[in-house]
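Trainee: I would like a close look at a single part of this model, taken slowly.

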Amino acid sequence: MADRRLQVFYTVARLLSFTKAAEALHMTQPAVTFQVRQLEEHFNTRLFDRTHNRVSLTEAGRAAFRYAERIFEAYGEMENAIREITGDVSGALTLGASTTIAEYMLPALLGNFKRKHPEVNIRLKVANSEGIVSMVENNIIDLGVVEGPVSNRNLHVEVCQMDQLVVIVPPGHPLAGKASVTMEEVLPYPFICREEGSGTREVIMDYLNELGMGRNALTVCLELGSPEAIKGAVEAGMGLSILSRATLDKELALKRLEGIPLEPGLTRQFAFVHQRQKFRLRAVEELLSFARNYCDGQASDDGGSTGNPSSVSV
């Protein structure tokens with residue numbers, strides 16, 4: 001319903017980047033520039049200063065941004081109020097998830113959600129946890145699902161599920177068959193880890209710090225960008241690793257890998273992350289509610305090992 005020129009202007013003003021705005025709006029950068037120029041022509045003034053490859057708002061731009069915020073907040077409240085009355089859940093939402101969650105947790109959740117709400121169109125962006133948090137900060141996505149802690153205190157974080165991490169080794173490895181292992185037993189072996197910015201990597205490094213070993217204690221022989229790549233490298237005998245127990249069902253069933261719990265145990269949280277705004281699209285609210293119930297059900301199926309969702313502000 002809102003003026004498309006104003007939508008484009010508002011997105012550029014929030015992100016202070018024509019490139020990021022084009023990505024968020026699924027438009028080309030020339031199309032974004034054209035819409036902003038049309039609005040500037042309407043007001044007969046510049047709304048942005050573009051100097052030294054940086055974008056900033058002019059005084060008129062800052063005024064337009066304040067009013068645009070109020071306009072879009074009112075639009076959102078109106079849409080939510082009417083959909084509450086009609087019971088209609090539709091529209092589009094953009095979800096972001098870290099690699100492990102996108103591959104192993106979301107397919108079942110989103111499949112069930114789509115069966116219940118077929119009118120909702122979901123776009124999914126996949127990146128490591130650091131990248132997903134950045135997308136939430138810049139309003140590129142409506143909702144993020146990440147592994148591990150989130151340090152930005154301006155975001156709302158809601159823990160969905162607790163996840164156990166285990167040491168993975170191929171059959172025949174010297175550690176295979178053990179009921180549990182300590183990090184002291186892991187350190188002598190070549191270690192395969194995720195890339196910088198991965199939630200899994202950060203949780204492992206924090207665990208090492210808590211044990212007083214330091215972040216550089218592991219003998220890292222390889223860095224890879226996904227759990228599937230790591231599992232393949234471990235199967236090939238290139239080293240051992242630490243991954244989510246949730247990623248291993250197929251390999252454990254086929255006896256291609258073994259998953260050994262750590263002592264003391266290592267867990268991390270899966271959490272929803274979103275902006276602290278006064279309203280959210282009804283579709284986002286409905287997905288959050290659906291996901292909470294899904295996580296509750298998973299916790300019950302696992303005998304409570306995943307823990308109950310809780311809401312925290314960080």
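Trainee: At roughly what angle do the axes of helix 2 and helix 3 cross, and within what distance do they come?

Mentor: This is a predicted model, in which local features need pLDDT of at least 70, side-chain atom pairs count only at pLDDT 80 or more, and totals for chains, interfaces and linings use all residues. Residues are numbered from 1 along each chain as its sequence is written, and side-chain values use heavy atoms, with hydrogens and water left out. The axes of helix 2 (residues 18–25) and helix 3 (residues 29–43) cross at roughly 105° and come within 9 Å; axes are lines fitted to C-alpha atoms, for helices over the stretch in contact, with angles from 0 to 180 degrees between N-to-C directions. Helices are DSSP runs of H or I with at least four residues, strands runs of E with at least two, numbered from the N terminus. The two helices are therefore roughly perpendicular (65 to 115 degrees). On the helix 2 side, Phe18, Thr19, Ala21 and Ala22 meet Gln29, Val32, Thr33 and Val36 of helix 3, contact meaning heavy atoms within 4.5 Å.

Phe18 also has a ring partner. Its ring and that of Phe48 have centres 5.7 Å apart and planes at 65°, so the pair is edge-to-face (centres within 6.5 Å, planes over 60 degrees apart). Phe48 lies in strand 1 (residues 48–51) and Phe18 in helix 2, so the pair ties together parts 30 residues apart in sequence. Phe18 is buried at 8% relative accessibility (under 20% relative accessible area, 1.4 Å probe, protein chains only), and Phe48 is buried at 0%. Ring pairs link Phe18 and Phe48 with Phe9 into a cluster.

Key: Parallel < 35°, antiparallel > 145°, perpendicular 65-115°, else oblique. Phe/Tyr/Trp six-rings, centres within 6.5 Å; stacked < 30°, edge-to-face > 60°. Buried < 20%, exposed > 50% of the residue type's maximum accessible area, 1.4 Å probe, protein only.
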